[in-house]
Amino acid sequence: MSKAKQKLTLDRPAAYQIKVPGQLDEHWSAWNGTMAFTVEHQDDGPPITVLTGPLDQAALHGFLRHLYAQGIPLISVNCLDCDEKN
């Protein structure tokens, strides 16, 4: 049985995956306790930090603003369990 996708709303958390270039240090996992923190290494390329976890829209915007304020560019931001027909 497949998991039903939830409708995206402003007040309900959804799982997001955020990728940024480089290897962020451990304070990022403590800054937002709900995000899993992993680093990917592909071939000889630079590392990519992947942050995955549940965020509502306000928390997502706050987290993205914090990355921006630190001068960290985004590679991607993906909603993992959102209905694409919203």
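Contact is taken here to mean heavy atoms within 4.5 Å. With that cut-off, and in a model that is predicted, Thr49 touches Ile18, Lys19, Val20, Gly22, Gln23, Leu24, Phe37, Thr38 and Val39, residues up to four places away in sequence being left out of the count. Thr49 is found in strand β3, and the residue is classed as buried because its relative accessible area, 0%, falls under the 20% limit. Two polar contacts involve the side chain of this threonine: a polar atom of the Thr49 side chain lies 2.7 Å from the backbone oxygen of Gly22, and the side chain of Thr49 also reaches the backbone nitrogen of Leu24 at 3.0 Å.

The setting of this residue can be described from the fold as a whole. The secondary structure of the protein consists of two helices and four strands, which follow one another along the sequence in the pattern β-α-β-β-α-β. Among contacts between residues at least 6 apart in sequence, 68% join residues that are at least 24 apart. Of the 86 residues of the protein, 28% count as buried.

The strands form an open sheet with the order β2-β3-β1-β4 and antiparallel pairing. Strands β2 (36–40) and β4 (76–79) stand at the edges with a single partner strand each, so that one side of each has no neighbour in the sheet. On average, and with direction ignored, neighbouring strands of this sheet are turned by 20° against each other. The antiparallel pairing of β1 with β3 extends over eight bridges; within β3, Val50 stands opposite Lys19, and Pro54 stands opposite Ala15. On β2, the antiparallel pairing with β3 comprises five bridges, and Phe37 is placed opposite Leu51 of β3. Strand β3 is mostly covered, since six of its eight residues are buried.

The loop between β2 and β3 contains Asp43. Phi of Asp43 is near 50°, a positive value in a residue other than glycine. In contrast to the buried Thr49, Asp43 counts as exposed, because its relative accessibility of 79% is over the 50% limit.

Helix α2 lies across β1, β3 and β4, and runs at about 10° to β1. The length of this helix agrees with expectation, because its 13 residues, at 1.5 Å a residue, should span 18 Å, and the C-alpha atoms at its ends are 18 Å apart. At the start of α2, a side-chain oxygen of Asp56 comes to within 3.2 Å of the backbone nitrogen of Ala58, whereas just after the helix Gly71 takes a positive phi of about 75°. The buried residues of α2 are Gln57, Leu60, Phe63, His66 and Leu67.

Apart from neighbours within four places in sequence, Gln57 is in contact with Leu8, Thr9, Leu10 and Tyr16. The C-alpha atoms of Gln57 and Leu8 are separated by 9.2 Å, although these two residues are 49 residues apart along the chain.

In soluble globular proteins, nonpolar side chains tend to be buried together. The largest nonpolar core of the model holds 14 residues, of which Ile18, Val20, Leu24, Leu51, Leu55 and Leu67 touch the most other members. Two or more residues are given to this core by each of β1 (14–21), β3 (48–55) and α2 (57–69), and the largest share, four residues, comes from β1. Three of the residues named for this core, Ile18, Val20 and Leu24, are also listed among the contacts of Thr49, while Leu67, another member, belongs to the buried residues of α2. Leu51, likewise a core member, is the β3 residue that stands opposite Phe37.

Technical notes:
Residues numbered from 1 in each chain as written. Predicted model: local features only at pLDDT ≥ 70, side-chain atom pairs only at ≥ 80, totals over all residues. Heavy atoms only, no water. Core = buried A, V, L, I, M, F, W, Y, C linked by side-chain atoms within 4.5 Å. Buried < 20%, exposed > 50% of the residue type's maximum accessible area, 1.4 Å probe, protein only. Expected span 1.5 Å × (residues − 1). Polar contact = N/O pair within 3.5 Å; in protein donor to acceptor, adjacent residues only side chain to side chain. Pairing = 2+ DSSP bridges. Axes fitted to C-alpha atoms, helices over the stretch in contact; angles between N-to-C directions.
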